[in-house]
Amino acid sequence: MVKRMHVVINPASGQPQPVLHTVNLICGELGVEWDASITKASGDGHRFAQEALATDVDVVVAFGGDGSVMEVASALMGGEVPVAILPGGTANVMSTELRIPHDLTQACQLACGQNSTTKTVDMGQAGERTFMLRVAMGFDADHVIGATREMKDRYGELAYTISALKQMEHPKTARYKLTLDGENYEVEGVTCRVDNSGNFGHGLSFSKEISVSDGLLDVTIVRDEGLSSVKSVLSDAVGHGRTNADAFHHWQAREITIEADPPQHVIGDGELWGETPISLKVLPQAVRFVVPEEKK
């Protein structure tokens, strides 16, 4: 039962929503004590979540996009206090992965313990950084970088599609050298992705077999941006047809090192991390999230 919660709010996320009014209304109806912190800069979400733990809260709530959720989750790793999500970003991939209602009132009711349970989720780590969803290089990184704040404010989720189409006009191929749990591989491709979640947002999932709770990271290299590769990936994403196994390479591993020739941009959960090479590992069962109860 939730008696007290702290809400970390990113006011720059997504479109304007009456988050304080909604939280106050629902918490008042359900008898939940609450307070809130407003983020202004990167790192605030992590710090506010850590400070909230010292006040004996039952749950820390993140209002914002995936970056905001990641900051809060990184502060709660290894503990018993769960993260609840109020989806407020552009894509809200993790909330989709965990079946969190996109309706703010319903999500707040869930955070307060209405028809909810908790689910333990893996995280990934690269040096001192952690990630919930994925790390990407090449095309998958460049099209996210190309979706500027101005484009997202104007077009919403469509900004990523517009950026992707622009990137496809000038495809760049790299040679990837991978070390996966001690085994070496060398292949060419236009993008390399290390997924903890298979969900892309936009109603798409790269593979229904990628799990946020299996103790493994999924490594995928798409060979080219040609029509056959795009069709194959989209076919799998929407769950129709048979994918072309020649269009991409796929492995699962716990410890991963990636080099690229030429070096490529690296993004982690949508944030620019620098360039390859990069080493990563899975952190099994790292964070608890509030999720809807399974329907019987």
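Mentor: Aspartate 195 has its place in strand E10. The model is a predicted one.

Trainee: Why does aspartate 195 count as buried?

Mentor: Buried means under 20% relative accessible area. Aspartate 195 has 0% relative accessibility, so the residue counts as buried.

Trainee: What makes the link between the side chains of aspartate 195 and arginine 193 a polar contact?

Mentor: The cut-off for such a pair of N or O atoms is 3.5 Å. The side chains of aspartate 195 and arginine 193 are joined at 2.8 Å.

Trainee: Which residues does aspartate 195 touch, not counting those up to four places away in sequence?

Mentor: With those left out, aspartate 195 touches Leu133, Arg134, Ile210, Leu217, Asp218 and Thr220.

Trainee: How do you know that strand E10 pairs with strand E13?

Mentor: Pairing requires at least two bridges. Five bridges join E10, residues 191–195, to E13, residues 217–222, and the two run antiparallel. Threonine 191, for one, has valine 222 in E13 as its bridge partner.

Trainee: In what order do the six strands of the open sheet stand?

Mentor: The order is E14-E13-E10-E7-E16-E17, with antiparallel pairing. Strand E14 (248–253) and strand E17 (271–275) each have a single partner strand, so they stand at the edges and one side of each lacks a neighbour in the sheet. On average, neighbouring strands here are turned by 20° against each other, direction ignored.

Trainee: What makes the side chains of strand E8 an alternating set?

Mentor: In E8, residues 174–180, Ala174, Tyr176, Leu178 and Leu180 point to one face and are buried.

Trainee: How many bridges join E8 to strand E9, and how many to strand E15?

Mentor: Seven bridges join E8 to E9, residues 183–189, and six join E8 to E15, residues 255–261. Both pairings are antiparallel. Alanine 174 has glycine 189 as its bridge partner in E9, and leucine 180 has isoleucine 256 in E15. The hairpin of E8 and E9 has two residues between the strands, and aspartate 181 takes a positive phi near 50° there.

Trainee: How many aromatic pairs are there?

Mentor: The count comes to two.

Trainee: Why is the pair of phenylalanine 131 and tryptophan 273 called edge-to-face?

Mentor: Ring centres must lie within 6.5 Å, and planes over 60 degrees apart count as edge-to-face. Phenylalanine 131 is in strand E6 and tryptophan 273 in strand E17, 142 residues apart. Both phenylalanine 131 and tryptophan 273 are buried.

Trainee: What makes the pair of tyrosine 185 and tryptophan 251 tilted?

Mentor: Stacked needs planes under 30 degrees apart and edge-to-face over 60; the rest are tilted. For tyrosine 185 and tryptophan 251 the planes stand at 45°, with 5.2 Å centre to centre, so tilted is the term. Tyrosine 185 lies in strand E9 and tryptophan 251 in strand E14, so the pair ties together parts 66 residues apart in sequence.

How values were computed: Residues are numbered from 1 along each chain as its sequence is written. This is a predicted model: local features need pLDDT of at least 70, side-chain atom pairs count only at pLDDT 80 or more; totals for chains, interfaces and linings use all residues. Side-chain values use heavy atoms; hydrogens and water are left out. Helices (H or I, at least four residues) and strands (E, at least two) are DSSP runs, numbered from the N terminus. Axes are lines fitted to C-alpha atoms, for helices over the stretch in contact, and angles run from 0 to 180 degrees between N-to-C directions. Buried means under 20% relative accessible area, exposed over 50%, partly exposed in between (1.4 Å probe, protein chains only). Rings of Phe, Tyr and Trp (its six-membered ring) pair if their centres lie within 6.5 Å; planes under 30 degrees apart count as stacked, over 60 as edge-to-face and the rest as tilted. A polar contact is a pair of N or O atoms within 3.5 Å; within protein, one must be able to donate a hydrogen and the other to accept it, and residues adjacent in sequence count only if both atoms are side-chain atoms. Contact means heavy atoms within 4.5 Å.
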